[in-house]
Amino acid sequence: MLIADLPKLQRVIGIRFSDPKLLREAVTHKSYAAEFNLKYDNQRLEFLGDAVVQIILTKHLFHRYTNLQEGDLTKIRSALVNQDSLARFARSISLGDYLLLGRGEAESHGNDRDSTLSDAFEALCGAIYLDQGSQRVASFLLEILQENCAEPSELLYSLNPKGALQE
């Protein structure tokens with residue numbers, strides 16, 4: 001059975017979990033859980049993390065861009081929470097290096113697949129939320145956002161370059 005270096009992951013993200021089982025669950029892919037007959041995987045935490053990421057980014061965009069209307073705020077948020085962006089956030093902390101994957105998933109480089117990384121990132125955010133609370137997960141997420149997308153409003157132009165040119 002492979003063991004993820006969870007102490008190292010905690011150092012990388014700058015968060016020491018009170019309940020390390022939450023972190024282990026967040027990095028456990030369903031293929032690994034099935035292979036080792038575990039009663040848990042990261043899918044429930046992914047469900048929670050999806051909502052956590054949405055609300056944190058919604059609040060951040062709402063306060064940061066007071067001049068933008070709901071439609072533009074929605075477009076920016078959608079671009080930030082899509083699979084590509086979340087996978088990029090996951091790569092920025094090398095999350096794929098810590099994922100527990102089943103043999104087949106590992107052999108097919110599942111730890112670098114966008115869908116796997118984005119799901120794991122949401123699961124990690126869910127685990128941080130449960131373990132540390134909303135303020136800590138918000139600072140974690142917004143720090144990663146700043147490092148990877150310092151000016152989220154620029155996403156409006158990359159989403160619709162033709163429309164931006166016409167305007």
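What pLDDT does the protein average, and what share of the residues score at least 70? The protein averages a pLDDT of 93, and 93% of the residues reach a score of at least 70, pLDDT being the predictor's confidence in each residue, from 0 to 100. The structure is a predicted model, in which local features need pLDDT of at least 70 and side-chain atom pairs count only at pLDDT 80 or more, while totals for chains, interfaces and linings use all residues. Residues are numbered from 1 along each chain as its sequence is written, and side-chain values use heavy atoms, with hydrogens and water left out. Over residues 161-167, pLDDT stays under 50. For this stretch the model has one contact beyond four places in sequence, contact meaning heavy atoms within 4.5 Å. Where pLDDT is low, the predicted coordinates should not be read in detail.

Two packed helices are described by the angle between their axes and the distance between the axes. Helices (H or I, at least four residues) and strands (E, at least two) are DSSP runs, numbered from the N terminus. Axes are lines fitted to C-alpha atoms, for helices over the stretch in contact, and angles run from 0 to 180 degrees between N-to-C directions. The axes of helix α6 (residues 83-92) and helix α8 (residues 114-132) come within 8 Å, crossing at roughly 70 degrees. This angle makes α6 roughly perpendicular to α8 (angles under 35 degrees count as roughly parallel, over 145 as roughly antiparallel, 65 to 115 as roughly perpendicular and the rest as oblique). On the α6 side the contact is made by Gln-83, Asp-84, Leu-86, Ala-87, Phe-89, Ala-90 and Arg-91, and on the α8 side by Asp-114, Ser-115, Leu-117, Ser-118, Phe-121 and Glu-122. By class, six nonpolar, three polar and four charged residues form the contact of α6 with α8 (Ala, Val, Leu, Ile, Met, Phe, Trp, Tyr, Cys and Pro count as nonpolar, Asp, Glu, Lys and Arg as charged, and the others, Gly among them, as polar).

Helix α6 also meets helix α9 (residues 134-148), the two axes coming within 10 Å and crossing at roughly 100 degrees. The helices α6 and α9 are therefore roughly perpendicular to each other. Here Arg-88, Phe-89 and Ser-92 of α6 meet Ile-144, Leu-145 and Asn-148 of α9. The contact of α6 with α9 has three nonpolar, two polar and one charged residues.

In helix α5 (residues 70-80), the buried residues are Leu-73, Ile-76, Ala-79 and Leu-80 (buried means under 20% relative accessible area, exposed over 50%, partly exposed in between, with a 1.4 Å probe and protein chains only). Seen down the axis of α5, these buried residues fall within an arc of 130 degrees, so they line one face of the helix; the arc is that of the directions from the helix axis to the C-beta atoms. Asp-72 also lies in helix α5 and, at 28% relative accessibility, counts as partly exposed.

The loop between α3 (30-35) and α4 (43-64) contains Asp-41, which is buried, with a relative accessible area of 18%. Not counting residues up to four places away in sequence, Asp-41 touches Glu-25, Thr-28, His-29, Lys-30 and Ala-33. The C-alpha atoms of Asp-41 and Ala-123 are separated by 9.6 Å, although the residues are 82 apart along the chain. Asn-37 is found in the loop between α3 and α4 and counts as exposed, at 68% relative accessibility. Asn-37 has a positive phi of about 50 degrees although it is not a glycine.
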